[in-house]
Structures are given as structure tokens and as C-alpha cells.
Amino acid sequence: MCDDKKLHYAVRTACAVLRGQDGRLHRDAALDAVLRVLPTREAAFHGRAEAPVTGRDPRAAARARDMLHAGMAADIGADALAAYAGAANRFQLARAFRAAYGTSPHAYLLQIRLLRARRLLRAGERPAAIAAACGFADQSLFGRWFRRAYGLTPAAYRACCTGVPDKAA
């Protein structure tokens, strides 16, 4: 058992994400969380102060945001997103994105996927088709994220908005 709660949580979360079916951006974010915790632990162990955080580029964050909107269904990784945005690396992009939008690129991508899914559900589309159209690995993963965000299943949301029962084809 680890007595460092932040490190324990970061490693446990990364292991769970790596076992799951989430996209590359989510896996990269989980691994980056572990890497963010390690330098502070190493510095504290040796009695050194942390290095200052630099590299907040709002233009790179805006380019990354545009890429996430344009390729919402694609399974892009953090390194590829950083290269597209013109950031030095994925860590610089993560800092810039969080400074500009208050969240990580993965969380932002998840939010825009869920917002699009809600629009499609209101239009009467089937949850299985929406999962594929919005970039979720499968309907089960889509359902888990939707329930976590909105407190009800995609089919229940669709029924509330459209009055269309979600019966098997």
C-alpha cells in the first residue's frame, strides 16, 4: 500500500483506464497525471523546490480545440494533438489547454462528444449509431459516460425528449 494518496490515486486511475476501452487521449491523460505527481514527490523527497511551470501558449490551445471539434470521432493521441497544435510536447499543450479552457483536452473532447450525442438523441437517433458517430469505442462505453454526466441512460434521455421508445430493431 502506498502512503502517498495522490500518487496512489493517479496510478490506480491510470491502471483502470489502461484496462478499459477508452481512446488514446484518455489513456495519455491518465499516464500524464502519474507523471505530474512523480516530480513533486521526487523533489519533496530530496528537499528541492519544484521547477516553475512554463509553456502556456493560447494559440496552441485554440488549434488543439479546433482539431478536437473537427475530428471529434477520431481516436487522436496527446502527442499527435500537440504536434498538430504546434506545442513543444503534450505536457506543454496540456498546461496551455487547461489555462485557456479550464480543463484537459480529453475532458473537453468528452464534453463535445456528449453534447453532440444529446443533440442526436433529441433527433431520435439510436444510441448504438450515436456511439459510433461520436467516437465512443462502443455503446457500452457511451452509456457509462452518458450516465456519469447526466444521470440517466441514453435511451431514457431519448425517450424523454422524443417520446420514441428504444425497442430493438
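1. The term denotes a side-chain nitrogen of Lys or Arg within 4 Å of a carboxyl oxygen of Asp or Glu. Asp66 is partly exposed at 41% relative accessibility, and Arg65 is likewise partly exposed, at 24%. Accessibility classes are assigned with a 1.4 Å probe on protein chains only: buried is under 20% relative accessible area, exposed is over 50%, and partly exposed lies in between.

2. The model is predicted; local features require pLDDT of at least 70 and side-chain atom pairs pLDDT 80 or more, while totals for chains, interfaces and linings use all residues. Residues are numbered from 1 along each chain as its sequence is written, and side-chain values use heavy atoms, leaving out hydrogens and water.

3. A salt bridge also joins Asp57 to Arg59, at 3.5 Å from N to O. Asp57 is buried, with a relative accessible area of 16%, whereas Arg59 is exposed, at 59%.

4. Asp32 and Arg90 form a further salt bridge, their closest N and O atoms lying 2.6 Å apart. This pair links distant parts of the chain, 58 residues apart: Asp32 belongs to helix H2 (residues 24–46) and Arg90 to helix H5 (residues 90–101). Helices are DSSP runs of H or I with at least four residues, numbered from the N terminus. Both Asp32 and Arg90 are buried.

5. Asp32 and Arg90 also take part in a network of salt bridges that includes Asp28 and Asp79. By the distance rule, the count comes to six salt bridges.

Key
Helix = DSSP H or I, 4+ residues; strand = E, 2+ residues; numbered from the N terminus.
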